[in-house]
Amino acid sequence: MGSGIPPTQAPTVAELLACQEIQAAMRQAWADSLPGDPANRHEEGGWIYMDTTSRQIAVLRASPGRQSTLDLRNPPLVAGSVVVATFHTHPNPTAEGWAGGPSGFDELSADALGVPCLIRADNGDHTAGPESRRGGLTGNPGFPA
Amino acid sequence: MSVVTTPSSATGCPISCDEALAIARKDAETAYRDLSGFRIIIERKVDGWHIDYELSDVYLKGGGPHYVIDATTGMIVSKRYEQ
């Protein structure tokens, strides 16, 4: 994504999921979620930023969440960048009846925060919320206003 | 954890609100290690008691269990574990 061309639009969900740096971050978050440990599995995740000039992607991790929840409300500010998505894991197994896809609150929060929500579960990757950051790369450095 | 109940016109059903809540909670505690972050919404509908464990803040990621419990037999008709 580092084309050097000043961006005019925020990256789409498909572009984000195709980014190797983001895939690596989701793999690490999944491993850190301890999906194979029933007593300690928990959600992990963070924020995905884009530099508004260079279009470079950066990823920051949030504090670990609980078994089925994660707080991504307060992204650290990154100079020259804006939040273009969040990501988190669903470590509880679909084989035991858990839904791998987004919860109702995953959808609500993604719409409220204004950026796509990428989710990794044992049955693949899922998304919720807008197709790309609401309002493009303008606006607040954190989530769009 | 807080409980929000909605008024029901279907009085006299064999399974009371409290009984339905107990059935749901017993199941929920087998799947979720900690239910303290959720509020519970219970509503009597045509197909039974709908019991939903919801987060308290719309900006949080995650989810809780959701149930439909037969108001006559007390059986869990459907359940969904969200995360």
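How many helices and strands does the secondary structure of chain B come to? In this predicted model, chain B comprises one helix and six strands, and these elements follow one another from the N terminus in the order β-α-β-β-β-β-β. Of the 83 residues in chain B, 35% are buried, and, where contacts in this chain between residues at least 6 apart in sequence are considered, 47% of them join residues at least 24 apart.

In chain A, five strands form an open sheet with the order β2-β1-β4-β5-β6, in which the pairing is mixed. Within chain A, strand β4 (residues 81-90) and strand β5 (residues 117-121) run parallel and are joined by five bridges; A:Thr89, for instance, has A:Arg120 in β5(A) as its bridge partner.

Between the chains, 16 residues of chain B are in contact with 23 residues of chain A. On the side of chain B that touches chain A, the elements giving two or more residues are β4 (61-62) and β6 (76-81) of chain B, while the residues of that side divide into six nonpolar, five polar and five charged. Strands of a sheet pair, in general, through backbone hydrogen bonds, in either a parallel or an antiparallel manner.

Key:
Residues are numbered from 1 along each chain as its sequence is written. Chains are lettered from A and ligands numbered from 1 in the order in which they are written. This is a predicted model: local features need pLDDT of at least 70, side-chain atom pairs count only at pLDDT 80 or more; totals for chains, interfaces and linings use all residues. Helices (H or I, at least four residues) and strands (E, at least two) are DSSP runs, numbered from the N terminus. A residue is buried if 20 or more other C-beta atoms lie within 10 Å of its own, exposed if 12 or fewer, and partly exposed in between; C-beta atoms are placed from the backbone. Two residues are in contact if their C-beta atoms, placed from the backbone, lie within 7 Å. Two strands pair if DSSP finds at least two bridges between them. Ala, Val, Leu, Ile, Met, Phe, Trp, Tyr, Cys and Pro count as nonpolar, Asp, Glu, Lys and Arg as charged, and the others, Gly among them, as polar.
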